[in-house]
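Please open the model in the viewer and keep a selection panel at hand.

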Amino acid sequence: VAKEAGRNGYQFFMKEMNARVSRRMFLENNLRRALERHEMYLVYQPQIEASTGRVSGVEALVRWNHPEEGLIPPDRFIPVAEDCGLIEPLGAWVLHQACRQLQDWRDDGLDELMMAINISPMQFRKPGFTDTVRSALHSSGVDPRCIELEITETLLMQPLNDLDSRLRELTAMGLTFSLDDFGTGYSSLGYLKRLPISRIKLDKSFVADLPGDVEDEAVTRATLSMAKDLGLHCVAEGVETPAQRDFLSERGCDTLQGYLFARPMPEQECREWIRHHRRQQRRA
Ligand code: C2E
Ligand code: MG
Ligand code: MG
Ligand code: MG
């Protein structure tokens, strides 16, 4: 019986493995064509200045609308793109698209907005990364001071000889950096002092159970107080309730982002959302 069960277990395992491998190959093959076939697009989520309620910027988030599968979330295909060497062209496309969008909005009268763009650690490490950024800035004509690159602790954890100099080169071009998913990695806090990072984004896993969860409250308070001491701005992601908003803004969180304010939206919808929000602000 044990032998039988063992064999079944093994067969089950192989079946799972095969399913996973073919799923991955499917994604990989389709990913290659996705950009050419215009199956990728960006959505934009507003970021709100806590003290004024003003929209200070948006974060660009990539979407893949697969012709048969429908919407495939980035958490599923970004890792595949990283594994099969497609993160470079995909990342470059995101950079160009987001920069062009911001300039387009500006030309249309929507000013004073920042555009935050997610950068995969693997993308940042490619030798051509700085040139890709330069090219996106150049071809869109956007003001580099309005572009913020979101990097993660993972990037800081692995050695990269010229990490500092690359960050500084991009900073010298006018770009700013934020540290995404803050608190989920294991980066030494020393990095924050040493590197040109201007904002940290408190991960949404710490925000979800605010207020009330003693540990998440402690992490949040510690992060906010450290950010303040180091002169960093703090952005909270995943803000879904007024209670979370109040907890965070009462404790000095600078910027809020989450479904409470707006979901990530396609460009037209986001443009209208920001216009409407600004009109309401002026009235108030
Ligand atoms: P992230 O950069 O930390 O983005 C925040 C995620 O939280 C987004 O998921 C966003 O849609 C979601 N979110 C926003 N507000 C709320 C909220 O109130 N509640 C909850 N539960 N979630 C909220 P999304 O768009 O699925 O992206 C997931 C991750 O995929 C991103 O996490 C980022 O790491 C990666 N990603 C997305 N777009 C890009 C991209 O263009 N390039 C790269 N390299 N990575 C990207
Ligand atoms: Mg992000
Ligand atoms: Mg995040
Ligand atoms: Mg994330």
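How many residues surround ligand 1, and which are the closest? This is a predicted model, and in it 22 residues surround ligand 1. Select the closest of these, namely Arg63, Asn118, Asp180, Glu240 and Tyr259.

Display the pockets next: the largest pocket is the space taken by ligand 1. Colour by secondary structure to identify the elements that give two or more residues to the shell, which are β2 (55-66), α2 (74-83) and β6 (176-182). Strand β2 gives the most, with 4 residues. Colouring by residue class instead divides the shell around ligand 1 into 8 nonpolar, 5 polar and 9 charged residues.

**Polar contacts of ligand 1.** Select glutamate 59, where an N or O atom of the side chain is 3.1 Å from an oxygen atom of ligand 1. At valine 62, show the backbone: one of its polar atoms is 3.1 Å from a nitrogen atom of the ligand. Then move to lysine 204, which places a polar side-chain atom 3.3 Å from an oxygen atom of ligand 1. Of the 800 Å² of accessible area that ligand 1 has on its own, the protein covers 84%.

**The metal ions.** Select the magnesium ion (ligand 2). Its protein donors lie 2.0 to 2.2 Å away and are Glu59 (OE), Asn118 (OD1), Glu150 (OE) and Asp180 (OD). Their spacing in sequence is E-x58-N-x31-E-x29-D.

Key. Residues are numbered from 1 along each chain as its sequence is written. Chains are lettered from A and ligands numbered from 1 in the order in which they are written. This is a predicted model: local features need pLDDT of at least 70, side-chain atom pairs count only at pLDDT 80 or more; totals for chains, interfaces and linings use all residues. Side-chain values use heavy atoms; hydrogens and water are left out. A residue is near a molecule or strand if one of its heavy atoms lies within 4 Å of it. A polar contact is a pair of N or O atoms within 3.5 Å; within protein, one must be able to donate a hydrogen and the other to accept it, and residues adjacent in sequence count only if both atoms are side-chain atoms. Accessible areas come from the Shrake-Rupley method with a 1.4 Å probe; for residues, only the protein chains shown count as cover. On a 1 Å grid over the protein atoms alone, a cavity is a set of points where a 1.4 Å probe fits but cannot get out, and a pocket is an open set with protein on both sides within 12 Å along at least five of seven lines; lining residues have an atom within 4 Å of a point. A molecule sits in a cavity or pocket if more than half of its atoms lie within 2 Å of its grid points. Ala, Val, Leu, Ile, Met, Phe, Trp, Tyr, Cys and Pro count as nonpolar, Asp, Glu, Lys and Arg as charged, and the others, Gly among them, as polar. Donors are N, O and S atoms within 2.8 Å of the metal (3.2 Å for Na, K and Ca); water is not among the atoms, so sites may look incomplete.
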